[in-house]
Amino acid sequence: MSVTTTTGGRHFLQIPGPTNVPDRVLRAMSAPTIDHRGPEFAALGLEVLEAVKPVFGTTQPVVIYPASGTGAWEAALTNTLSPGDKVLAFETGHFATLWQDMATRLGLQVEFVPGDWRHGADPAAAQERLAADTGHEIKAVMVVHNETSTGVTSRVPEVRKAIDAAEHPALLLVDTISSLGSIDYRHDEWGVDVTVAGSQKGLMLPPGLSFNAVSEKALQASKTAGLPRSFWDWQPILAANERGFFPYTPATNLLYALKVALEMLDDEGLANVYARHTRHAEATRAAVRGWGLEVLALDEREYSGSLTAIYLPDGGADAIREVILREYDMSLGAGLGKLADKVFRIGHLGHFNDLTLVGTLGGVQMGLVRAGVQIDPTGIQAALERLQQA
Ligand SMILES: *Cc1c(COP(=O)(O)O)cnc(C)c1O
């Protein structure tokens, strides 16, 4: 049942995850579920566990969970840390706030560096805190690579440099749930210890899988880490993975989907995938500014390639989203946490091309006018011009 007045054509799912699932991926999922202890499954398991590595930029193990991204957050913490350990986190937005809150509830002591929800993690602040921690009580630094609530990325390589400059042994844990497969990311090269990811954003899959890419240092830490864990424990999973299996029932049909989605990313080429997202983000910002509206992200080094948050300081964002859903059958992301009603978010990630962007921006522009927001209705032209450049 639809609440919209528009019944023809496809729904535009332009929230920053879950994203649109390609037909090829949907078809792959409709194959019969097989015996997850049988030889056919082992071949699939071995194949996807290897094929998933390049998208993380790693040659090290990637653990796959039948869970949403939140589960992989918990796995990253419980496998590497012990009760009472100190961790350093940055208030970049709603997701960073939720992750550090989870850390607190798991019995960790969180030092949460305050932020304005318009910037990424500050590498200088990281260096300062770590340099001051001469007793090396901080065991991990937690960074959200792409803050989905704000459309702001954190400069992970610079955070890595800050840790090194302070000569601090803390682990680096990074959430890439809304950046993996859409924004350039390099687990090995950037010296990340645990990379957390999810299936339903840049990877173009339905919700239900999540990931931990694990460094050798993180694996060593897991041998002495004292937080209780069972379902999330890397060791039995990695042991079973050696033969392509999992210790408990995997999400078999989502693994069929993962195999195809990884083939699609590989066919396009990861560098081209990242460039496509950057270009669509640039065109989106051009439209927002053309309309005379404000992009929430303030630092151009931190613009997100996967989504754009539009800031309406006086509120009214929810009413705009309601009009756009009702009139044009398009879902946009709501403002989360303290940005409720002050932000709406356009997801331009995953299975997405120039004309999906033009349709999306056309719907936003018509919705803004319909909702009575004072805008320059030629704003979309700036996006079209950006798309027409080579
Ligand atoms: C979506 C998201 C999450 C939460 O993932 P779930 O799959 O909803 O559990 C966490 N962090 C970021 C950055 C996200 O975008």
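This is a predicted model: local features need pLDDT of at least 70, side-chain atom pairs count only at pLDDT 80 or more; totals for chains, interfaces and linings use all residues.
A residue is termed buried when its relative accessible area is under 20%.

Select W73 and W99 to begin; both residues are buried. Their ring centres are 5.9 Å apart and their planes lie at 10°, so the pair is stacked.

Next, consider the aromatic pairs in general, of which the structure holds eight. Select F41 and F245, a stacked pair with a centre-to-centre distance of 6.5 Å and an angle of 15° between the planes. Here too, distant parts of the chain are linked: F41 sits in helix α2 (residues 39–51), whereas F245 is in the loop between α9 (234–241) and α10, 204 residues apart. F41 has a relative accessible area of 0% and is therefore buried. F245, at 13% relative accessibility, also counts as buried.

The contacts of T252, leaving aside residues up to four places away in sequence, are T33, I34, H36, F41 and L44. Because its relative accessible area is 5%, T252 is classed as buried.

Now select Y65, F231, W232 and Y248, which together make up one aromatic cluster.

Finish with F95 and K201. Which residue lies over the face of F95? It is K201, at 5.4 Å from the ring centre.

Note on methods. Residues are numbered from 1 along each chain as its sequence is written. Side-chain values use heavy atoms; hydrogens and water are left out. Buried means under 20% relative accessible area, exposed over 50%, partly exposed in between (1.4 Å probe, protein chains only). Contact means heavy atoms within 4.5 Å. Rings of Phe, Tyr and Trp (its six-membered ring) pair if their centres lie within 6.5 Å; planes under 30 degrees apart count as stacked, over 60 as edge-to-face and the rest as tilted. Helices (H or I, at least four residues) and strands (E, at least two) are DSSP runs, numbered from the N terminus. A charge sits over a ring if NZ of Lys or CZ of Arg is within 6 Å of the ring centre and within 35 degrees of the ring normal.
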